[in-house]
Amino acid sequence: MAGTPTGATVDEVLAELAALEDPRARVVNERHGDDHGVNLARLRAIAKRLGTRHEFARELWATGDTAARLLATLVCRSKEFGRDELDAMLRGARAPKVHDWLVNHVVKKGPHAEELRLLWLADPDPVVAAAGWALTTERVAKRPDGLDLDALLDTVEQEMKDAPDRLQWAMNHCLAQIGIEHPAHRARALAIGERLEVLKDYPTPKGCTSPYAPVWITELVRRREGRDS
């Protein structure tokens, strides 16, 4: 199908996305909770062709279509969303990939990231809380000043083992990031990971790093020390 012009309507873009549906890709994506079958490289190509179109992104999001919402996160202006608007968007973004792209491509780049981090981190909905942990992991890596890393490790130690899958994954990422980025907390992060054994048996493709925190921490630190030597 020929690409839609940059001035395309929402209906035209939805038709293009529908034409890109691959039933085999949908089967794979649905195993992870994502109800779409569009190749993400092709979706990014559409975003590149459209360019930044914030109001159009809002229209795409309003369709509720998963592929359209993914596209919306790529063509919006993150700074133009209000805090409450982003909060409502996240709570309505149940597909994991939409959830992840909204946090990573939009919220992290906007002015409300810290306020939303604190709001979401304390939310009783584990999917919303997972977004708070994702934003916390970003701070652990890039702006740790002001974070109580010991308190974060306390929470991980107490709650991660029995957390629902998506929240557990986000907390585990934060645990690993603390161990990787902060040598003073590394031994404790490793000990927590070893004791809880979360994701210890997660199937990991050859050449990829296991998400099991002790392995993840050890491997990333080894690579960094190898570069610095």
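1. Along its principal axes the C-alpha trace spans about 55 × 40 × 40 Å.

2. This is a predicted model: local features need pLDDT of at least 70, side-chain atom pairs count only at pLDDT 80 or more, and totals for chains, interfaces and linings use all residues. Residues are numbered from 1 along each chain as its sequence is written, and side-chain values use heavy atoms, with hydrogens and water left out.

3. The protein chain holds 13 helices and zero strands. These are DSSP runs, numbered from the N terminus (helices: H or I, at least four residues; strands: E, at least two).

4. The largest nonpolar core has 39 residues, and Leu17, Leu60 and Leu71 touch the most other members. Such a core is a set of buried Ala, Val, Leu, Ile, Met, Phe, Trp, Tyr and Cys residues joined through side-chain atoms within 4.5 Å. Buried means under 20% relative accessible area, exposed over 50%, partly exposed in between (1.4 Å probe, protein chains only). H5 gives this core its largest share, six residues.

5. Beyond its neighbours within four places in sequence, Leu71 contacts (heavy atoms within 4.5 Å) Val13, Leu17, Leu43, Ile46, Ala47, Leu50 and Leu60. A second, separate core of 28 residues includes Leu167, Cys174, Ala189 and Leu199.

6. Of the 229 residues of the protein chain, 45% count as buried. Cys76 is buried at 12% relative accessibility. Cys208 is partly exposed at 48%.
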